[in-house]
Amino acid sequence: MENGCEKIRMVSTCLLGMEGPVAAELKSFEAEEVSAQDGRVFFTGGPEMLARANLCSRFGERILIVMDQFPARTFDELFEGVKALPWERWIGKQDAFPVKGHSLHSKLASVPDCQSIIKKAVVDRLRGKYGISWFEETGARYPIHFLLMKDTATLMLDASGIGLHKRGYRANATEAPIKETLAAGMAYLARVRTDGTVFDPFCGSGTILIEAAMYALNIAPGLRRRFLAEKWNGISQEVWRQERDRACDQIRRDVSFRAYGYDLDPEAVALTQENAKKAGVSARITVEQRAIDAFSSDSPYGCVICNPPYGERLLDIRQAQEIYRTMGKVFVKKRGWSYTVISPDHEFESCFGRPADRRRKLYNGMLSCQLYMYFR
């Protein structure tokens with residue numbers, strides 16, 4: 001089942017609002033036929049691109065191989081469409097192939113029924129190809145994902161396993177963590193520079209600081225973890241080794257980037273230091289216990305990126321909005337400084353005291369937020 005240099009059609013799933021950064025990132029990897037849809041970016045490449053996308057994607061949530069897309073208005077159409085796909089190209093006689101998925105705005109609305117039909121169709125296909133009647137499913141895992149959207153079925157194989165936001169450095173987190181992929185996206189949208197200075201006055205478990213440092217130093221976020229496809233026969237270990245070596249060679253240790261984190265909670269300060277050490281960027285990050293009203297810096301330039309507390313999850317709304325007012329006072333307009341703040345509160349700008357120079361809608365998990373950017 002070795003796939004050699006054949007082109008593979010893939011998709012990177014992502015948080016809504018992050019399609020642009022994901023597409024730009026994939027193009028920088030030299031992926032081909034990059035096209036974005038809501039929450040998904042399709043692309044093609046060889047086995048090395050599959051490995052590269054898993055190892056190096058900062059903003060994507062998961063990399064999947066796209067087997068095909070076809071109309072599926074009935075269970076018969078779904079069964080025949082799935083059975084026609086070349087599953088044997090990837091899945092071996094002993095391999096496991098669990099099925100999961102979603103149905104949106106489709107006649108085939110029952111996910112359990114669709115799972116059952118798809119499983120049966122794949123078994124039928126493999127039974128005919130391998131000449132066996134029973135599949136032990138004790139080998140490598142090839143999770144099959146399906147999406148039924150407006151009566152069109154997309155069948156995929158999950159190449160990542162654990163979601164790409166799991167970098168491996170954050171075993172513990174404070175009460176309201178921000179997803180690593182979103183924090184990386186904020187660093188990208190805030191235009192963090194290799195010689196820049198980043199500040200997070202609500203650093204929590206340090207995710208924004210760590211992702212900004214990894215972005216500035218060009219440290220591939222997947223270097224400290226493993227991926228499901230590393231156990232697949234269809235992609236050689238040599239490909240993975242070469243891509244890991246390539247990613248290591250591209251790390252920039254010569255840059256002058258620095259980051260400073262502050263938090264009122266001493267446990268958050270300790271946790272940020274611990275996580276930064278695990279991520280290999282502790283030498284670039286300084287953390288102190290400090291309240292937002294004490295925020296100041298003598299630096300001639302700075303890039304503040306933060307996820308302040310908000311009423312729905314940590315404080316009541318009045319307390320959160322009082323914090324926004326304080327932010328408006330201490331985040332002063334200053335040449336060479338920018339402020340990037342994510343919040344779900346529609347009253348943020350009025351509390352902060354001035355309208356953002358730019359806004360962008362993003363999602364922190366399932367929570368709809370606005371990214372408020374101040375740079376003028």
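Which residue in S7 is the bridge partner of Gln 69? The answer, Thr 154, is placed in its setting in point 2.

1. Basis. The model is predicted; local features need pLDDT of at least 70, side-chain atom pairs count only at pLDDT 80 or more, and totals for chains, interfaces and linings use all residues. Residues are numbered from 1 along each chain as its sequence is written, and side-chain values use heavy atoms, with hydrogens and water left out. Helices (H or I, at least four residues) and strands (E, at least two) are DSSP runs, numbered from the N terminus.

2. The sheet containing S4 and S7. Seven strands in the order S2-S3-S1-S4-S7-S6-S5 make an open sheet with mixed pairing; two strands pair if DSSP finds at least two bridges between them. Strand S2 (32–37) and strand S5 (99–104) are at the edges with a single partner strand each, so one side of each has no neighbour in the sheet. From one strand to the next the twist averages 25 degrees. Strand S4 (residues 62–71) and strand S7 (residues 152–158) run antiparallel and are joined by seven bridges; Gln 69 has Thr 154 in S7 as its bridge partner.

3. Over residues 49–159 the chain is 33% helix and 26% strand, with the end C-alpha atoms 12 Å apart.

4. The sheet containing S8 and S9. Strand S8 (residues 197–200) pairs with strand S9 (residues 258–263) in the parallel sense over four bridges, and Asp 200 stands opposite Gly 261 in S9.

5. Helix packing. Helix H5 (residues 180–189) packs against helix H6 (residues 207–216) at an angle of about 60 degrees, with the axes 8 Å apart. Axes are lines fitted to C-alpha atoms, for helices over the stretch in contact, and angles run from 0 to 180 degrees between N-to-C directions. The contact (heavy atoms within 4.5 Å) involves residues including Ala 183 and Met 186 of H5 and Ile 208 and Tyr 215 of H6.
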